[in-house]
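Please look over the sequence and the structure below before reading on. The report that follows goes through contacts between parts of the chain, then some local features.

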Amino acid sequence: MTNIPPLDLKRQYQAIGADVSAAVLEVLASGAYIGGSVVGNFEQQFANYVGTTDCIGCNSGTDALYLALRAMKIGAGDEVITTPFTFIATAETISEVGAKPVFVDIDPTTFNLDLSQLAAAITPRTKAIMPVHLFGNPVDMTKLMSIATQHNLIVIEDCAQATGAKWNGKQVGSIGHFGCFSFFPTKNLGACGDGGAITVNDPMLAADLRMYREHGSRQRYYHEAIGVNSRLDAIQAAVLQIKLQYLDRWNQQRATVATRYHELLANIPGIILPQPNPGGESAWNQYTIRLIAPAGVDAAAYRDRVRASLQEAGVISMIYYPLPLHLQEVYQDLHLPLGSFPVTELVSNQVLSIPMFPELTIEEQQRVAYALKDAVGS
Ligand SMILES: *Cc1c(COP(=O)(O)O)cnc(C)c1O
């Protein structure tokens with residue numbers, strides 16, 4: 001019996017590999033490996049897809065967040081509000097520019113920022129809010145933008161896990177001032193290596209982002225700021241051009257997989273299923289359940305046992321994320337002890353992401369469901 005992996009990129013390559021390989025070979029033969037028309041064309045296509053005037057390719061989703069902060073000149077003395085329940089890159093970039101990440105607890109249903117607690121975290125130093133559309137599930141951007149507008153704050157959307165997700169009919173990344181995307185291979189639109197992009201609706205801002213991306217330079221060998229070298233290379237852009245054509249179809253398949261899980265896993269005591277935000281359309285990067293431990297049993301230890309039992313049955317699951325950011329060693333200087341964000345702390349001991357990718361078959365999902373029921377003893 002073969003294992004069911006959390007994600008299987010080989011199946012995607014089997015389906016579209018010939019086109020991807022041809023596009024890569026074309027770049028290799030062209031001799032234009034950095035910049036050039038392939039990158040420019042992809043940037044335009046991605047801007048069109050998201051629905052913004054501009055897209056700026058860069059080296060990673062992390063750099064996309066970093067460049068957005070730099071373009072707004074956010075730095076020492078500034079505060080940026082974000083969630084403690086995310087990948088480190090979100091807060092890391094805030095720290096990297098010299099600003100302070102200010103965490104707000106999450107909503108246990110959506111796993112996203114609890115917007116009812118947002119206003120209380122705003123201070124005179126707050127410059128921006130960095131919402132994360134975690135696991136593909138969009139944040140309520142209507143509510144978030146209204147709070148941001150009221151307080152004159154910049155909104156930098158971390159769309160790394162949510163390419164193709166929509167809020168109220170609009171693509172994420174087109175609603176805030178910046179949309180920051182990752183093309184890391186495990187994301188909904190993944191390259192064959194690292195890559196990222198920023199989307200904006202402001203050509204002046206786009207020019208600034210390009211300047212910071214290219215060593216602080218608008219004109220070669222003339223430098224107005226300390227920038228970085230963060231390029232999306234032509235080979236990755238060629239791969240992404242092919243894959244962008246399939247993105248909506250893949251996201252629909254992910255939604256179908258999610259619907260099947262909802263049916264297969266309905267009414268199992270001790271399992272809370274993910275609830276997509278009703279006003280949005282999730283990109284289902286992950287299907288993340290919460291495991292409720294029996295009374296008197298340590299939540300994380302129970303989750304580990306369920307995970308091990310799944311693994312014995314050939315079902316490989318993942319924990320995103322086991323340790324909230326405020327409890328990480330690197331953030332001990334923020335002095336946010338255990339108890340600071342109770343929902344995040346609770347949920348991080350309960351979450352388990354089960355296999356989720358467009359090509360997952362019904363038979364495999366049935367095996368996952370069977371193994372999970374067995375693991376929780378029902
Ligand atoms: C993947 C990810 C990033 C970083 O993207 P990279 O391309 O790996 O640098 C940022 N934020 C979140 C929420 C992510 O999942």
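This is a predicted model: local features need pLDDT of at least 70, side-chain atom pairs count only at pLDDT 80 or more; totals for chains, interfaces and linings use all residues.

On the side of domain 1 that touches domain 2, at least two residues each come from α1 (9-30), α4 (89-96), β3 (100-103) and β6. The residues of this side of domain 1 comprise 18 nonpolar, 12 polar and 7 charged ones.

The domain assignment gives domain 1 as 9-104 + 111-244 and domain 2 as 248-377. To the contact between them, domain 1 brings 37 residues and domain 2 brings 35 residues. Taken over C-alpha atoms, the centres of domain 1 and domain 2 lie 26 Å apart.

How much area is buried between domain 1 and domain 2? The value is about 2900 Å², and carbon and sulfur atoms give 60% of it. Of the area that domain 1 buries against domain 2, 24% is supplied by Arg11, Phe85 and Phe135, which is more than any other three residues supply.

Side chains of opposite charge can pair when their charged atoms come close. The salt bridge count for the model is 9, and between domain 1 and domain 2 the count is 1. Arginine 11, already named for its part in the buried area, forms a salt bridge with glutamate 364. Another salt bridge joins the side chains of arginine 213 and glutamate 43. Arginine 213 belongs to helix α6 (residues 203-213) and glutamate 43 to helix α2 (residues 37-50), so this pair, 170 residues apart, links distant parts of the chain by the helix runs used here. The table gives the distances for these two pairs.

| Salt bridge | Closest N to O distance |
|---|---|
| Arginine 11 and glutamate 364 | 2.7 Å |

Next come the strands. An open sheet of 3 strands runs in the order β7-β6-β13, with antiparallel pairing. Its edge strands, β7 (170-171) and β13 (280-281), each pair on one side only. Strand β6 (residues 166-167) pairs with β7 over 2 bridges, in the antiparallel sense. Which residue in β7 is the bridge partner of lysine 166? The partner is glutamine 171. Strand β6 also takes part in the domain contact described above, as it supplies at least two residues of the side of domain 1 that touches domain 2.

Two details of the backbone remain. Most residues other than glycine have a negative phi, and most peptide bonds are trans. Asparagine 152 has a positive phi, near 60°, and is found in the loop between α5 (141-150) and β5 (154-158). Tyrosine 320 and tyrosine 321 are joined by a cis peptide bond, with omega about 5°. The loop that holds tyrosine 321 lies between α9 (299-312) and α10 (342-348).

Technical notes. Residues are numbered from 1 along each chain as its sequence is written. Side-chain values use heavy atoms; hydrogens and water are left out. Two strands pair if DSSP finds at least two bridges between them. Helices (H or I, at least four residues) and strands (E, at least two) are DSSP runs, numbered from the N terminus. Domain bounds come from an automatic or database domain assignment. Contact means heavy atoms within 4.5 Å. Buried area is the accessible area (1.4 Å probe) that two parts lose on being put together, summed over both. A salt bridge is a side-chain nitrogen of Lys or Arg within 4 Å of a carboxyl oxygen of Asp or Glu. Ala, Val, Leu, Ile, Met, Phe, Trp, Tyr, Cys and Pro count as nonpolar, Asp, Glu, Lys and Arg as charged, and the others, Gly among them, as polar.
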